[in-house]
Amino acid sequence: LYYSFRGLLKGKLKESVFFISVMLLLLAISYDTIVYVSFLGMNLESIMPLGFFIVIVAQVVIMLVEWHKTLKEKASLQEEFLLINKNLEGIVNKRTLELQDANKNLEESLAIRNKVFSIIGHDLKSPVSNIAQYTDILERRHPSGEDRRIISTLKEMAFRSSELIDNLLKWGLKHGNRLKVKPEAVDLYLV
């Protein structure tokens with residue numbers, strides 16, 4: 001009763017109807033008690049059933065109002081849910097397209113990398129290896145003085161370049177299974 005009275009003072013419909021219904025019931029019970037005890041001495045009909053009826057009707061009205069509010073809230077929540085779901089689908093579709101673009105760019109980058117390693121493997125390694133082997137041949141002919149120093153420097157640079165290319169190719173093999181290097185020994189005396 002206390003909370004319904006506070007609701008009546010604050011103008012809340014549900015609490016106000018409940019408080020008035022209970023007050024009418026108490027009034028009906030009091031009046032019937034007075035009538036039955038014959039304080040008034042009148043033979044009036046009992047209003048207690050009317051009080052119960054009013055309380056029941058008030059409770060039904062309160063339940064219908066709450067049910068209607070619940071249905072409105074449910075419909076509002078469903079609309080909000082559908083809107084959120086639609087927005088999420090849009091976000092997912094956008095992210096999917098972004099991922100597809102990123103995958104396409106990655107595949108293109110991998111294709112370029114594989115092409116570069118193919119070039120390194122064929123177009124650079126062979127000439128550098130040939131230079132290293134020719135300098136080895138020249139060094140075996142026992143050059144003298146300045147020629148010996150130049151041939152030795154060329155040989156060292158060629159072997160270092162060959163090792164660098166080998167390291168690049170090994171790195172490419174380690175990081176991409178698409179590259180396959182088939183090193184071959186070539187005898188330059190036969191060439």
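Modeller: Buried means under 20% relative accessible area, exposed over 50%, and partly exposed in between (1.4 Å probe, protein chains only). This is a predicted model, where local features need pLDDT of at least 70, side-chain atom pairs count only at pLDDT 80 or more, and totals for chains, interfaces and linings use all residues. Residues are numbered from 1 along each chain as its sequence is written, and side-chain values use heavy atoms, leaving out hydrogens and water.

Biologist: What share of the residues in the protein chain is buried?

Modeller: The protein chain has 191 residues. The buried share of them is 19%.

Biologist: What is the mean pLDDT of the protein chain?

Modeller: pLDDT is the predictor's confidence in each residue, from 0 to 100. In the protein chain, 75% of residues reach 70 or more. The mean is 76.

Biologist: In what order do the elements of the protein chain run?

Modeller: Helices (H or I, at least four residues) and strands (E, at least two) are DSSP runs, numbered from the N terminus. The chain has four helices and zero strands. From the N terminus on, the order is α-α-α-α.

Biologist: Which element has the highest mean pLDDT?

Modeller: Helix α1, residues 2–10, has the lowest mean, at 70. The highest, 82, belongs to α3.

Biologist: T135 and I56 sit in which helix? Is each of them buried or exposed?

Modeller: Helix α3 holds T135 and also I56. T135 has a relative accessible area of 4%, so T135 is buried. I56 has 53%, so I56 is exposed.

Biologist: Which residues does T135 touch, not counting those up to four places away in sequence?

Modeller: T135 lies in helix α3 and is buried. The residues touched are I151, L154 and K155.

Biologist: What part of the contacts with a separation of 6 or more joins residues 24 or more positions apart?

Modeller: This counts contacts in the protein chain with a separation of 6 or more. Residues 24 or more positions apart account for 55%.

Definitions and conventions
Contact means heavy atoms within 4.5 Å.
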